[in-house]
Amino acid sequence: MQIVSIDSLADPRLEDFVGLTDVALRRRTEPERGLYIAESQTVLERALRAGHEPRSVLVAPRWLPDVERLVGGLDVPVFVGDEGVLEQITGFHLHRGALASMRRPVLPDASALLERARRVVVLDGLVDHTNVGAAFRSVAGIGGDAVLVTSTCADPLYRRSVRVSMGTVLQVPWARIDSLEAAVPVFHDAGFEVVAMALRDDAVDLDEYAAAPAERVALVFGSEGPGLSARAIAAADRVVRIPMHHGVDSLNVAASAAVAMWALR
């Protein structure tokens, strides 16, 4: 570990942290993999536990001993700057003052991921990074086995997704699929029933479905506004809805994922 003191955002060695969008980070250094930013000691620890490789770390002085414990045996530069410098980068105060530039892992193939899973969540077209992160946290906390995201879904390793998930996007196995319709044969080959979560008059109530679910279930959730497309619903084996009360028609998509996962735990 190399400890380097910094006092200016203009330092070129901070280029991984300054002025790069998440899209630019994905394309940096290794176009097929790129980088992502882990914020806080907790997220960094989970990233390292998942086997992810740090490129560099930026830390406030009071958190340096904790970061040394995590990366002390690695050949990685640790830049130390006061909390005001970190706040200029993040736009907010980091209560666990550390940022790490991490190399993106190679994602597994969807079919390989499904071999060892029984309960998975599919996120189809979610565009809000907060919802993606919250959905991953629910899957991790309630005991889901994996998440699959379609090509139209927001990036789980976007900075806000990682932060909102408390780093669980680094723990839960996940993979990308082109679309639900194209992936249905992959689910069926692995013995999964594909369940579309949608507000349809012909949908089965969640508690009724949960009373006798399939052995292996893929719960599919659509975008924040329109929900699942008609094509995605038509491709599913079952359509299930969460019963609502007091004139409320639906829950936030991340909350729906939590409720459905809990019912099928």
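1. Aspartate 155 is buried, at a relative accessible area of 6% (buried is under 20% relative accessible area, exposed over 50%, partly exposed in between, with a 1.4 Å probe and protein chains only). Its partner in a salt bridge is arginine 104, at 2.5 Å from N to O (a salt bridge is a side-chain nitrogen of Lys or Arg within 4 Å of a carboxyl oxygen of Asp or Glu). Arginine 104 sits in the loop between E5 and helix H5 (110–115), and aspartate 155 in the loop between strand E7 (146–150) and helix H7 (159–164), so the pair ties together parts 51 residues apart in sequence. Arginine 104 is also buried, with a relative accessible area of 8%.

2. This is a predicted model, in which local features need pLDDT of at least 70 and side-chain atom pairs count only at pLDDT 80 or more, while totals for chains, interfaces and linings use all residues. Residues are numbered from 1 along each chain as its sequence is written, and side-chain values use heavy atoms, with hydrogens and water left out.

3. Aspartate 205 and arginine 241 form a salt bridge, with 3.1 Å between the closest N and O atoms. Arginine 241 is in strand E12 (residues 238–241) and aspartate 205 in strand E10 (residues 204–205), 36 residues apart (helices are DSSP runs of H or I, at least four residues, and strands runs of E, at least two, numbered from the N terminus). Arginine 241 is partly exposed at 27% relative accessibility, as is aspartate 205 at 25%.

4. The search of the whole structure finds 11 salt bridges.
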